[in-house]
Amino acid sequence: MNLFLWINLDPGAISTDHLMLAVIGYSVVFLALLLLYLFFRQLPKLLAFNLRRKLRKEGEPEKAAMAGSAIPGEVNAAIATAIYLYLSELHDHETAVLTITKAAKTYSPWNSKIYNVTHFRRF
Amino acid sequence: MEGILRFLSYSGFANVTAGHVIMILVGLVFIYLAIRYEYEPLLLVPIGFGILIGNTPFLEHAGLQLGIYEDGSVLNYLYQGVLKGIYPPLIFLGIGAMTDFSTLISNPKLILLGAAAQLGIFTTYLGALLLGFSNPESASIGIIGGADGPTAIFLSSRLAPHLIGSIAIAAYSYMALVPIIQPPIMRLLTTEDERKIKMKPPRSVTKQEKVLFPIFGLLLTGFLAPGSLPLLGMLFFGNLLKESLVTKRLADTAKNAMIDIVTIILGLTVGASTQATTFLTGQSMLIFVLGALSFMASTAGGVLFAKVMNVFLSEENRINPLIGAAGVSAVPDSARVAQMEGLKADPSNHLLMHAMAPNVAGVIGSAVAAGIMMSFLM
């Protein structure tokens, strides 16, 4: 049984309208995602707009120019590691008073004779 | 005696056909692939089992209300969610709540790869017309190249409901076979040096950017292609639930319980819709062939466009063309394939994070393409 016997290629089936749909459709997909690209490329700068204005007012044009520019992942990782190491080095407040507390050990099953006498096993 | 004979006439043994046996074997292959090789198990197990349910023979037209195409049957009620296009947007809600768009926001030029990789949708649309399919049928077949099951089901439920079974099975099959279909095309279209390109690590993304992405993403794409709103509206809504950090409970439900329930019902009913009597036709076989071609063309489109972009990019901003193949949605399998191929060329080159950007852009791209097709053809 050949399921493909009835295949009949018909070049006339593709009209100009069909071609237009394919071309316009593909272009609109590109356009939609191009809009997203353009918007999100500018977004960090838009979000840093107030900060830049403030820095300019404070007379720091160099910092203002840098505001909103991307911080590379490696830099972030280095900062995070430095903070982690710094915090792990910190100690709680210590009194600096050394104490030796005697361990209260009333008995041990290994050395208490009375334990062996009173806790014998029953069979 | 008459009672026994009557009982036998109702049994599967009396009504089995070669078609039923073939489809049962297909269902078993799906289940085997899912369990043995873990190819998309969350989809292939429900679909495979659905095929077994849909192709267990019984006496049709006896008013038993058993088959998925019989009014009043339980399966028919569940199938309405597929036919009316209810399940795909709910799946998109869950996907939105699961997806982290950070890599895409951090390197937005990779969004364009998600657009380029929709090439297969439109070339296959023309190919299907050439083979004699009608205009709406061709658009529904073409969308298989978007490698996005819910989008394919959604568009075909609107344009060609009679082809839903074939299109859904083709789309999900090829999504499961991404690790087999894509690598040869990726290697064919790239040089060894291109595969070794190391990309700049992505920058960190602020919470503000993450919250603004779903809002402006919806407005920008929705205004341009309103037909994609049922899918993209839910996708971006789900993402806002996740990124706003104030609706954690809703996001958790969307990405866990809800998407699981819908996936179970969708997979099972789509599988059951492949009843041999309606599914096993030459037309279905052609849809499978066209779907494969569509998938390949989309992969090639993404890879080639990445190469074109490299012509205009500086040395330090160059893109590894392998990640172009991830533009065909199939999240996250195609991104994983890009990672594996990258590692084969250079064991220290990890592309997964970069590949996730075109991967999620591909989801948006295929939904926009579906919206455009709907706007033109409905």
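Accessible areas, as used in the first exercise, come from the Shrake-Rupley method with a 1.4 Å probe. The model examined here is a predicted one.

**Exercise 1. Describe the secondary structure and the surface of chain A.**

Solution. 
Step 1. Begin with the elements: chain A contains five helices and zero strands.
Step 2. Read them in order along the sequence, and the pattern is α-α-α-α-α.
Step 3. Turn to burial: of the 123 residues in chain A, 19% are buried.
Step 4. Finish with the surface: chain A exposes about 10,700 Å², and carbon and sulfur atoms supply 64% of that area.

**Exercise 2. Characterise the interface between chain B and chain A: how many residues are in contact, and what share of the buried area do carbon and sulfur atoms give?**

Solution. 
Step 1. Count the residues: 46 of chain B are in contact with 38 of chain A.
Step 2. Consider the area: about 3,800 Å² is buried between the two chains, with carbon and sulfur atoms giving 85% of it.
Step 3. Look for specific pairs: there are zero salt bridges between chain B and chain A, and one residue pair is in polar contact, both residues being at pLDDT 80 or more.
Step 4. Locate the contributing helices of chain B: α8 (111-116), α9 (119-130), α15 (207-224), α19 (282-312) and α21 (352-377) each supply at least two residues of the side that touches chain A.
Step 5. Sort the residues on that side of chain B by kind: 32 are nonpolar, eleven are polar and three are charged.

**Exercise 3. Decide whether S157(B) is buried or exposed, and identify its surroundings.**

Solution. 
Step 1. Apply the cut-off: buried means under 20% relative accessible area. S157(B) has 6% relative accessibility, and therefore counts as buried.
Step 2. Examine the side chain: a polar atom of the S157(B) side chain lies 2.7 Å from the backbone oxygen of F154(B).
Step 3. List the contacts, leaving aside residues up to four places away in sequence: S157(B) touches V82(B), L83(B), G85(B) and I164(B).

**Exercise 4. Explain why T190(B) counts as buried, and state which residues it touches.**

Solution. 
Step 1. Compare with the cut-off of 20%: T190(B) is buried because its relative accessible area is 7%.
Step 2. Name the contacts, not counting residues up to four places away in sequence: T190(B) touches R195(B), V303(B), K307(B), P321(B) and L322(B).

**Exercise 5. Describe the backbone geometry at E40(B), at A330(B) and at the peptide bond from V331(B) to P332(B).**

Solution. 
Step 1. Consider E40(B), which is not a glycine and has a positive phi near 40°. E40(B) occupies the loop between α3 (18-36) and α4 (41-54) of chain B, and its 15% relative accessibility makes it buried.
Step 2. Consider A330(B), also not a glycine, with a positive phi of about 35°. A330(B) is in the loop between α19 and α20 of chain B, and is buried, with a relative accessible area of 1%.
Step 3. Consider the peptide bond from V331(B) to P332(B): this bond is cis, with omega near -10°. P332(B) lies in the loop between α19 and α20 (333-345) of chain B.

Notes
Residues numbered from 1 in each chain as written. Chains lettered and ligands numbered in written order. Predicted model: local features only at pLDDT ≥ 70, side-chain atom pairs only at ≥ 80, totals over all residues. Heavy atoms only, no water. Helix = DSSP H or I, 4+ residues; strand = E, 2+ residues; numbered from the N terminus. Buried < 20%, exposed > 50% of the residue type's maximum accessible area, 1.4 Å probe, protein only. Contact = heavy atoms within 4.5 Å. Buried area = accessible area lost by both parts, 1.4 Å probe. Salt bridge = Lys/Arg side-chain N within 4 Å of Asp/Glu carboxyl O. Polar contact = N/O pair within 3.5 Å; in protein donor to acceptor, adjacent residues only side chain to side chain. Nonpolar A, V, L, I, M, F, W, Y, C, P; charged D, E, K, R; others polar.
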